[in-house]
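The sequence and the structure come before the discussion.

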Amino acid sequence: MEQKKEELLKRLSDGVLEMEEDDVAQAAKEYLEAGYLALDGIMEGLVDGMNRASQLYEEEEYFVTDLLLCSDAMYVGLDILRPYLPDTSGEDKIKGVIGVVEGDTHDIGKNLVKIMMETAGFDMIDLGRDVPLQKFVDTAKEKKAKLICLSTLMTTTMGGMETVIRLLEEAGIRDQVKVMIGGGPISQKYADKIGADGYSQNAVEAVKLAKNLLNIA
């Protein structure tokens, strides 16, 4: 039983990595027919494949075009597995604001984190990319968000993350919002330096971190 689940998870992950939409669709259907949990299929299959693809991109073995094809394959799997997730729509979802800081238009990592957070039951307000820094603060205030997720892949725009934290302080809501940061040049050391609440290396870790910061199981 476990072995079959592992095989199907590997097929989901490999299918995303190898950009094989048909393989992903087939594996996702077999996975559901076998009665396994949709959430595991998404996290340990599809997202695992996308994380592996992102790793190859960082090592310059994959290009942006490859990543886009990988994410197409991941979405095919998501469309099949998502309807089988436990329905949390009736519950009060915790709101989070997510976006790529001003000056940066790289949003593949941000999109992955958004998918994972939504899959885990958060209500994510996606501001997109190249987001004016004040907009993070205004949106968090207006929507009463408990979480802000900031992303960048460029060293030149990293400073914007610190500015958002200062703007939250000026708005008097810093203590009401947890700030998570991530992206290529970002590290735990940088998070500590600017006073962010946490840093995550990838999308799966981001969900764990968010739950820890907000004390939810």
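In this predicted model, Lys-114 is partly exposed, with a relative accessible area of 22%. Its salt-bridge partner is Asp-126, and the closest N and O atoms of the two residues are 3.7 Å apart. Because Asp-126 belongs to strand 2 and Lys-114 to helix 5, the pair ties together parts that are 12 residues apart in sequence. Asp-126 is likewise partly exposed, its relative accessible area being 30%.

The side chains of Arg-82 and Glu-118 also meet in a salt bridge, at 3.9 Å from N to O. This pair links distant parts of the chain, since Arg-82 sits in the loop between helix 4 (64–81) and strand 1 (95–100), while Glu-118 is in helix 5 (residues 108–119), 36 residues apart. Arg-82 is partly exposed at a relative accessible area of 33%, and Glu-118 counts as partly exposed at 28% relative accessibility.

A further salt bridge joins the side chains of Asp-107 and Arg-129, with an N to O distance of 3.8 Å. Here Asp-107 lies in the loop between strand 1 and helix 5, and Arg-129 in the loop between strand 2 (123–126) and helix 6 (133–143), so that distant parts of the chain, 22 residues apart, are linked. Arg-129 counts as partly exposed, with 46% relative accessibility.

The distances for these pairs are set out below.

| Salt bridge | N to O distance |
|---|---|
| Lys-114 and Asp-126 | 3.7 Å |
| Asp-107 and Arg-129 | 3.8 Å |
| Arg-82 and Glu-118 | 3.9 Å |

Across the whole structure, a search finds 13 salt bridges. Lys-10, Asp-14 and Arg-52 are linked in a network of such contacts.

Notes. Residues numbered from 1 in each chain as written. Predicted model: local features only at pLDDT ≥ 70, side-chain atom pairs only at ≥ 80, totals over all residues. Heavy atoms only, no water. Salt bridge = Lys/Arg side-chain N within 4 Å of Asp/Glu carboxyl O. Helix = DSSP H or I, 4+ residues; strand = E, 2+ residues; numbered from the N terminus. Buried < 20%, exposed > 50% of the residue type's maximum accessible area, 1.4 Å probe, protein only.
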